[in-house]
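The following exercises concern a single protein model and are to be worked with the sequence and the structure in view. Each task is followed by a stepwise solution.

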Amino acid sequence: MRSVPHWAADLSDTGGVVMRALFDTGDTDVVTIQLQRLPRTTRDGVAEGAGHDRASRSGPGAADVGPAAAVGRGRPGRGTVELETATGNLTYASPLSLSGEAISSTEVSEILSPSGKVNRALANTKRKTHHLLGLKVGNQYRYPLFQFDRERKQIRPVAEHANRLMECDLDPWGTLDWWFTENPLIGDQRPVDRLTAQALTEAEVDVMVAAEQMGMD
């Protein structure tokens, strides 16, 4: 069997999706071009040469990410996560430390419970109703700290609003990526930064989420 020469080129990032063109030059008369869509959620964290097809994030759960992920070490203070998808595993570089910047179900209940009593079901209920973003790692969930107002013992209302709009439990890693991605609709700032600075509004969230959903249609 003859080898088929080929080469690849990454095209411009359009709407948060990187298009990769694969050129098959095995036939000098006909050039076959195959386009692959690299998801925004993994474009910075996919290991080179993984050899798996990439599924784009075109809606909640579109990448069919499995219920569990394994964490490895990446850049200092962060980690890489192996996401199980219908087309194979994807290596995702987490924008936050899942050990230092996220908490367990027990710790969530300590923050949110009026009495301070441990109630692990509380975090589970909030997650399933899309009020609280939870990331499954191994056999447990980790809940990013930026969502909480510890002084008021509550989920930040704007964070809760955004999580509900994006139905965060259907696409948790995509939702996490949304929070940490610069958005031109808020001056190229990241939603998470405006949230922690108490500058993010529900109106801004509505516009950003609506714009993203329109881009997916």
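**Exercise 1. State the mean pLDDT of the protein and locate stretches where pLDDT is below 50.**

Step 1. The mean pLDDT (the predictor's confidence in each residue, from 0 to 100) of the protein is 74, and 63% of its residues reach 70 or more.

Step 2. Residues 1-67 have a pLDDT below 50, although the model gives this stretch 126 contacts (heavy atoms within 4.5 Å) beyond near neighbours in sequence. Residues 72-77 also stay under 50, with 12 contacts beyond four places in sequence.

Step 3. Where pLDDT is low, the predicted coordinates should not be read in detail.

Step 4. Because the model is predicted, local features need pLDDT of at least 70 and side-chain atom pairs count only at pLDDT 80 or more, whereas totals for chains, interfaces and linings use all residues. Residues are numbered from 1 along each chain as its sequence is written, and side-chain values use heavy atoms, with hydrogens and water left out.

**Exercise 2. Describe the protein by its helices and strands, and by the share of its residues that count as buried.**

Step 1. The protein has 6 helices and 11 strands; these are DSSP runs numbered from the N terminus, helices being H or I with at least four residues and strands E with at least two.

Step 2. Of its 217 residues, 42% count as buried (buried means under 20% relative accessible area, exposed over 50%, partly exposed in between, with a 1.4 Å probe and protein chains only).

Step 3. Among contacts with a separation of 6 or more, 45% join residues 24 or more positions apart.

**Exercise 3. Determine how α3 and α4 cross and which residues meet.**

Step 1. The axes of α3 (residues 157-165) and α4 (residues 172-179) come within 11 Å and cross at roughly 130°. Axes here are lines fitted to C-alpha atoms, for helices over the stretch in contact, with angles from 0 to 180 degrees between N-to-C directions.

Step 2. That angle makes α3 oblique to α4, since under 35 degrees counts as roughly parallel, over 145 as roughly antiparallel, 65 to 115 as roughly perpendicular and the rest as oblique.

Step 3. From α3, V158, A159, A162 and N163 meet T175, W178 and W179 of α4.

Step 4. In α4, 8 of the 8 residues are buried, so this helix is largely enclosed by the rest of the structure. The buried residues include P172, W173 and D177.

**Exercise 4. Two residues lie in the loop between α1 and α2: is S113 buried or exposed, and is K117 buried or exposed?**

Step 1. S113 is placed in the loop between α1 (105-112) and α2 (120-128), and K117 is in the loop between α1 and α2.

Step 2. S113 is buried, with a relative accessible area of 9%; K117 is exposed, at 60%.

Step 3. Not counting residues up to four places away in sequence, S113 touches L122 and K153. S113 and Q154 are 41 residues apart in sequence but 8.7 Å apart in space, C-alpha to C-alpha.

Step 4. For K117 and T106, 11 residues apart along the chain, the C-alpha separation is 9.3 Å.

**Exercise 5. Give the phi values of H130 and Q198, and state where each residue lies.**

Step 1. H130, a residue other than glycine, has a positive phi near 70°. H130 lies in the loop between α2 and β8 (135-137) and is buried, with a relative accessible area of 16%.

Step 2. Q198, also other than glycine, has a positive phi near 60°. Q198 lies in the loop between α5 (191-196) and α6 (202-216) and is exposed, at 69%.
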